[in-house]
Structures are given as structure tokens and as C-alpha cells.
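Let's take a walk through a protein chain together, one piece at a time. Keep the picture open beside you and find each part as we come to it.

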Amino acid sequence: MSPCSLVRPVSATMIPGRYLAHQEGLPKLPVPPLRQTCERYLAVLEPLVSEQELEHTRKLMAEFLTPGGAGERLQKGLERRAHKMENWLSDWWLQTAYLDFRMPVVVHSSPGVVLPRLEFSDRQGQISETLPVEYLGGNSLCMNQYYQVLCSCRVPGPRRDSVVNHARAKRPPTFITVVHNYQFFVLEVYSSDGSLLTVDQIYMQLEKIWNSSLQTNKEPIGILTSQHRNTWAKAYANLIKDKTNKESVQAIQKSIFTVCLDAPVPRVSDEMYRSRAALQMLHGGGSRWNSGNRWFDKTLQFIIGEDGTCGLSYEHAPAEGPPIVSMVDHVVEYTKKTEMVRTPLVPLPMPQKLRFNITPEIKKDIEKAKQNMNIMVHDLDVRVIVFSHFGKNVPKSHKMSPDAFIQVALQLAYFRMYQRCCSTYESASLRMFRLGRTDTIRSASIDSLNFSRTMDDPSKPVSPTTAIRGEAIDRHLLGLRLQAIEDLVSMPKVFMDTSYAVAMHYNLSTSQVPAKTDCVMCFGPVVPDGYGVCYNPMEEHINFAVSAFNSCSETNAARLAQGLEDALLDMRDLVEQMPRAKL
């Protein structure tokens, strides 16, 4: 596949060809049966709340399910919405999960991806170097998220953000933005005749950028994008009052993606290298290092450090992890191919430097952003580990799902640390449905709690447990709650209940993001006293990233990471003692 189809996906494939024909063939997201969701919700609460709290919630639920009552009315409203819309959930989810979220996108929302370290340690190495439909279990998947990733950017608003996508313009953008030493440049990647620049030409252009930005800019304008969304919205409105600033910001927003050429950072041991690289992808290391070398609102930022550290950061609103990692797999494979194109001798114009006029007020905003970024940097702890004892091969040899095996190990590790289980979120793809995003797999169950208790109780024999995945409950409950708001009716008591708050407080926020590339995605915890855990199961090893906040005395990323290793080894020993499943 030529790189042209990566940067011009929309105009080339979305109208009216295979993309739309495929999309229209996908089923609509259904609204699950009301009673089924309510019963499963009560089952979810069983290991999480006391018997007294559970009994109180059962009474509220019985009231909610009264014939002709609130539950039935809200369910009918959701079903009407589902009938009228392509996807009853997607707009609501984009708004509530991302665009209404006012915390900084850095650490709290945007994931990073750590790619294998490249073998270079200088600027020479730093600057060198149609989508097929995907299927899951024989079912074709919605490809829409791929077309939201390029030429797009989040834009701050006073109460709610928005996402702009310039790929749908009559003339899609033909340039990327490059940032080096906090200075932004526009780099055209197409020639005037519409052909893509060769690798040599891009290298020469990057060299021009590098040489013309040797001194670090005193005012890292990009660090403004790391602020609390309301704070950034005010600073943004002030910033773009100036015509030059507005044009520069729009160029960044319109660009296909951003490339961040990072300055070298302090060396660490080989053991800690991946963890440090994860922090570089998530936040850049603070105002002293590369946090100003970003535009965190940009959907896609490729990060290449002068010391060989490379990866990317992406703003979460337009897409989930799997499409991003699929694209990374393609890019990594593409870079291994030798280019056989002759480079034209025509000299290329100097890439355009984006100018910003820094007023005293903007300077003050930048200083505030630096201080807040440094607080976030000191608060986040990330441990990336390569579990080298086994990978997907061991669970598969016992006819077990590798993902389920890892999730149960996480439950066991958490139980051993805290002697209880917690509300656990695992992202589940809804891409089998049109415009589907995600729902929640809840790994914490009464079965997983009993398993964790039994594993360390020598008096009890261990018997295998079976988990059956049914229709998820979280987005349905969210839909019923939002339907109540839309209908301007009083909020049902079941959503004001303590149990609901406990169920939605995800101490463990987890995601499996499998890739062909030996990489790992990482993200911050979603609650102050929680953990973020992302993993990529390879055939013979597993890459994990575990995050926690230092400001919480109850959590410890290194301890949970070690507990996870111990749990996986103990579970392997357990299954090795059991008779193997017959083929």
C-alpha cells in the first residue's frame, strides 16, 4: 500500500466506494433488554458493596423496574433514539467521555505508545527514517475511527471541547507539522504535481528544520495545551485574538499529524528505560525537557527522541487504541522497506516556521502551564515491564483466552495487595456495530473474588471457573441516565445511590491493546486512588504498563506490577497441574 492512501483516506475511499458500502452493512448498536441489564448490574455489585448496601440497591432497582415506571419510560426513549440514529451511543459517548471532560488531556486522557528503541543517538538518525477492512471472529469491524485520526485536532471550548477534521475538506491538507526545540514548522509532504516527497527529500527538509531551530525557544507555546480544559479555553481565546497566532494554530490543527523531534533526556538504566520512555510519550518529562515540544490537542503526534526513544501520543476523543496500534504496525512495517524511488534534483523551499506573538498575558499563561505540568509530572508513576516467562502461548495451550487469563491475574494481584476486589474497567470494542466505540468488560465478579480468596487458602481445593461474556451494562446504564436528563425528568434514585458511585469508581482501569510490533500503550489512572494498566500480549512474552499517582499513599505502581508477575506465575503453575483440555 502506498503511503498516499494513509494520508488521503477520506477523499480516496469514503465516497462512495467500499468504505460506505461496508459501513452500511454493519448492524446498528442494539439497546439491551432493561431487566437483563439491571440483573447484571446487581450481580456486578455483589463483590463490591456490603450486603446492607446491596439490599438497599435491590429495593431501588425494584422501584425502577415497576411496570409503567421510570425504567420502562427511559428504555422506550432509548429505543426510539436507537431507531432514529445510526448509533444511539456514539455522540453521547464522545461528549460525556471526552469533550465534556475538563481535566487536562495529558496523563488523564491521552495515551502514549512506546515503540522499540531505535539504534541511534544523534540527530542524523533522529530525522531519517486503502486500509483493508478488519475482522474479529469472522465479523467485519467498523473502520470509521481510522478516518478520524489524520488531519484532525481537539479544540478547547469554555464548557465543552470540539474536534475538527480537515480530511473531509475539498482539498485535504498536504502537510505535516514538525516541532523541534519548542518551535513549530509546516512541512509540505507533497510536491506541486501531487506526488509524495521521497524519503531523501523529507530527510533534507527535516535537516533544514533542525538546523534553523538549534536554540530552544524561550516561550514553549505548546505547553498551553497541557492545561485544565477551562483554563486552556480562556488562554486559547486570548491567544487567537492575534491574526498571526490564529493562522499558526490553524496550521497545526489542519496538519496531517505532528512530528515531535525531542531533545535528549537524562540516561537511565536499561531496566528503567521503557518506564522513562512511557513518561516521555505521556507528558514529555516536564517544562525542563520536552513537555513544550508538543501540541497535546493534536490527534496524532509521532515522537522521536535524539537518543533513539520513539513512540507516539494521541488525543483520545476521535479513536480508541486498537486502530492507532494497527496504524503503528503498518508504519513500522513500511519503514523496513527500501525505497526504490529516484529523488528529483529540484530544490525544495524552506519549511515555513510558524510565528507566535507572545504578549505579557500569554507569557503568564505559559508560566502557569509550566508549573501545573511539573506538578503532574512529579505525581505520575509509570512502570513498564516485559513479562518474559511466557506470553499468549501458555493460556492458548490450555484452551484459555490470554486476555481473560491476564485479567484474572490482575484481580488476584489486586486482592493480594488490598484483601478486597475493586470496580474494574476493561475496554471492550463495539466496532462490530456501525460507529461503535467501546463498552466495559467488568473483570471483578463474585467468581473472580472467590478465585482470588481460594488461590492463597491452602485448606481449599482449587476448581476452574468459567466466565461467560454477555451483553455489557455500562453504556446502557449511561444511556438511561442521559435519557432522563434529555427528557427533563427527575433522576431515578438508583443512579443517585452509593452503590452506583462505587460501581463507577474504577480503581483498576485496564485495556488490552495487542500489536504485531513489540510495543506497549500506556495511560494514567482514571481515579486519584487507582491504577491504569495496559498490556500487549506477544507470543512468548507480555508487555505491561502500570501507572499510579504518587500523591496517593494507597497505590504503588511497582508493587502492583510485581504482584501481577507473581500472580501470572502462580496461575501458570496451577494450570500446569491440571489435565490439559482436549483438542
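We begin with strand E6, which is largely enclosed by the rest of the structure because six of its six residues are buried. Please keep in mind from the start that this is a predicted model. To see how the strand is covered, look at where its side chains go. In a regular strand the side chains alternate between the two faces of the sheet. In E6, Phe175, Thr177 and Val179 point one way, while Ile176, Val178 and His180 point the other way, and all of these are buried.

Now look at the neighbours of E6. Strand E7 runs antiparallel to E6, and six bridges join the two. Strand E8 is another partner: E6 and E8 run parallel and are joined by four bridges. Here you can find His180 with its bridge partner, Leu261 in E8.

E8 covers residues 258–262 and E9 covers residues 300–305, and the two pair in the parallel sense over five bridges. Asp262, for instance, has Gly305 in E9 as its bridge partner.

Step back now and take in the sheet as a whole. These strands belong to an open sheet of eight strands, in the order E11-E7-E6-E8-E9-E10-E1-E16, with mixed pairing. At the edges are strand E11 (352–353) and strand E16 (520–522), each of which pairs on one side only.

What lies against this sheet? Helix H12 (residues 243–254) lies across E6, E7 and E8, and runs at about 115 degrees to E6. Helix H14 (residues 321–335) also packs on the sheet, where it touches E9, E10 and E16; the direction of H14 makes about 150 degrees with that of E10.

Follow the chain between E10 and H14 and you come to a loop that holds His316. The UniProt record, in an unreviewed entry, places the feature "active site" at His316. Is this residue buried or exposed? His316 counts as buried because its relative accessibility is 14%, and the cut-off for buried is under 20%. The side chain of His316 also makes a polar contact of 3.3 Å with the side chain of Tyr98.

Another strand of the sheet, E1 (residues 112–114), contains Gly112. With a relative accessible area of 0%, Gly112 is buried. Which residues does Gly112 touch, leaving aside its neighbours within four places in sequence? The contacts of Gly112 are Met281, Leu282, Leu312, Ser313, Val520, Met521 and Cys522.

The loop between helix H13 (270–282) and E9 is our next stop, for this is where Ser291 is found. Ser291 counts as buried, at 0% relative accessibility. The side chain of Ser291 reaches the backbone nitrogen of Gly286 at 2.8 Å. Not counting residues up to four places away in sequence, Ser291 touches several residues, among them Ile223, His283, Phe296 and Met373.

Let's turn to another pair of strands. Strand E4 (residues 152–155) is covered on both faces: Ser152 and Arg154 lie on one side, Cys153 and Val155 on the other, and all are buried. E4 runs antiparallel to strand E5 (residues 162–165), and four bridges join them. In this pairing, Ser152 stands opposite Asn165 in E5. E4 and E5 form a hairpin with six residues between them.

Helix H11 (residues 229–239) brings some of these parts together. Its buried residues include Arg229, Trp232, Tyr236 and Leu239. The buried residues of H11 pack against E4, H12 and helix H15 (360–379). Recall that H12 is the helix that lies across E6, E7 and E8.

To finish, here is the whole chain. Its secondary structure comes to 21 helices and 18 strands. Of its 583 residues, 55% count as buried. The accessible surface comes to about 26,800 Å², and 54% of this belongs to carbon and sulfur atoms.

How values were computed:
Residues are numbered from 1 along each chain as its sequence is written. This is a predicted model: local features need pLDDT of at least 70, side-chain atom pairs count only at pLDDT 80 or more; totals for chains, interfaces and linings use all residues. Side-chain values use heavy atoms; hydrogens and water are left out. Two strands pair if DSSP finds at least two bridges between them. Contact means heavy atoms within 4.5 Å. Axes are lines fitted to C-alpha atoms, for helices over the stretch in contact, and angles run from 0 to 180 degrees between N-to-C directions. Buried means under 20% relative accessible area, exposed over 50%, partly exposed in between (1.4 Å probe, protein chains only). Accessible areas come from the Shrake-Rupley method with a 1.4 Å probe; for residues, only the protein chains shown count as cover. UniProt positions are given in the numbering used here, feature names are shortened, and annotations may be inferred rather than shown by experiment. A polar contact is a pair of N or O atoms within 3.5 Å; within protein, one must be able to donate a hydrogen and the other to accept it, and residues adjacent in sequence count only if both atoms are side-chain atoms.
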